[in-house]
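Visitor: I am new to this structure and would like a short tour. Could you show it to me and then take my questions?

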Amino acid sequence: MHLQLPSQINADGLLPFLTQLSTVEDSVEVQLDFSDLRRVSPGALVALVATVTRWLRQQREVVFLNLERCVITGYLQRMDVLRTCGADLPENFRRHDARGRFMPVQLIDYEVDRMGNAMASCLAPGGDDWEHPLEALHSLAWYVFTETANNARQHSRGFGYAAAQVARTEGLVRLAVGDNGKGIRQSFVDAGLSWAADMTDAEAILKALEPKISSRGRPTNEGVGLTLVSGLVKQTRGWLLVVSGTGVVRLRPDRHPEMLTLPDDGHFAGTLVISAFRQKDVTDFASLLHKAKFEAGLLRQNVQSGTFTS
């Protein structure tokens, strides 16, 4: 099957692209044509890599076409998209330090906290130092990455990938974590949670954003990762997009979460979590996290002392 990648796979182009990937169905050979591609977001790159590596594990043949005609082939190489998909090409450029600019697509295959430190240091160089101007951004990036990456490793039963980028002109930091596993709803079903059986994929995503909801299938204080990630997004007036199966949940500044479905009966085999934050709104991470916990009902205030307990 031949897939012509669109010219732009970002913003409004992402969901149609995910649907396009799902049209492959059972094809034993997939030809990805890059000739028209001009712009692509970290989330789209993670989704592409997660999907291609799933195809390869299924013993399908994946062919990369017209990379020599693609105007961003060098960018795809710098982001390690081709290498991660097993389509490594000679690099006709010199690699430079990516800190403060981007983190290439990486397999989430080692200790997540350490990988989170590497990502945070890439997005907010120097932020691991006390009272550094980027300290809050460093802490936020580490927290959001480790929570979403741990979900991918522990619940998906697939392989997870991550990438990130700093958009200096827009003042945004974008993080993406995606996997090629079984999806959020199926994780709930496999955990024996009876209420999940009749849910749509979008309803399952929204449920996963509630506090103390976990696919571990037992009463637990865990299951707050996506809750607090979404809370941090709200506190910073950022953006969050979660795609799993046919479902989509989108959180935009000053709006309630929106439940959608992928267009044209599309389906994403796994889970994709994309977040974006304004750098200027990330100033005090401890305060942001405290407010997110309080609004999620994870902290109780002692009226007499004025202190909070979990």
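Guide: Let us begin with Pro 125, which counts as partly exposed because its relative accessibility is 28%, a value between the limits of 20% for buried and 50% for exposed. Please keep in mind that this is a predicted model.

Visitor: Where does Pro 125 lie?

Guide: Pro 125 is part of the loop that runs between helix 5 (112-123) and helix 6.

Visitor: And what is it in contact with, leaving aside neighbours within four places in sequence?

Guide: Pro 125 is in contact with Arg 99, Gly 100, Ala 120, His 132 and Leu 134.

Visitor: How far apart are Pro 125 and Asn 92?

Guide: In sequence, 33 residues separate Pro 125 and Asn 92, and in space their C-alpha atoms are 27 Å apart.

Visitor: Helix 6 came up. What span should it have?

Guide: Helix 6 covers residues 135-155, so at 1.5 Å a residue its 21 residues should span 30 Å. The C-alpha atoms at its ends are 30 Å apart, which agrees with that expectation.

Visitor: What follows helix 6?

Guide: Helix 6 is followed by Arg 157, whose phi is positive, near 60°.

Visitor: How does helix 6 cross helix 9?

Guide: The axes of helix 6 and helix 9 (residues 225-235) come within 9 Å and cross at roughly 145°. The crossing of helix 6 with helix 9 is left-handed.

Visitor: Which residues meet there?

Guide: From helix 6, the residues are Leu 140, Tyr 143, Val 144, Glu 147, Thr 148 and Asn 151. They meet Gly 225, Leu 226, Leu 228, Val 229 and Leu 232 of helix 9.

Visitor: Changing topic: what is the strand order in the open sheet?

Guide: The open sheet has three strands in the order 1-3-5, and their pairing is parallel. Strand 1 (2-4) and strand 5 (61-65) are the edge strands, each pairing on one side only. On average, neighbouring strands of this sheet are turned by 20° against each other, direction ignored.

Visitor: How many bridges join strand 1 and strand 3?

Guide: Strand 1 pairs with strand 3 (residues 29-33) over three bridges, in the parallel sense. Gln 31 in strand 3 is the bridge partner of His 2.

Visitor: Lastly, how many residues are in the largest nonpolar core?

Guide: The largest nonpolar core has 99 residues, and those with the most contacts inside it are Leu 18, Leu 32, Phe 34, Phe 64 and Leu 76.

Visitor: What is Leu 32 in contact with, beyond four places in sequence?

Guide: Leaving aside those neighbours, the contacts of Leu 32 include Leu 3, Leu 5, Leu 48, Trp 55 and Phe 64.

Technical notes. Residues numbered from 1 in each chain as written. Predicted model: local features only at pLDDT ≥ 70, side-chain atom pairs only at ≥ 80, totals over all residues. Heavy atoms only, no water. Core = buried A, V, L, I, M, F, W, Y, C linked by side-chain atoms within 4.5 Å. Buried < 20%, exposed > 50% of the residue type's maximum accessible area, 1.4 Å probe, protein only. Contact = heavy atoms within 4.5 Å. Helix = DSSP H or I, 4+ residues; strand = E, 2+ residues; numbered from the N terminus. Expected span 1.5 Å × (residues − 1). Pairing = 2+ DSSP bridges. Axes fitted to C-alpha atoms, helices over the stretch in contact; angles between N-to-C directions. Left-handed = near helix turned anticlockwise from the far one by under 90°.
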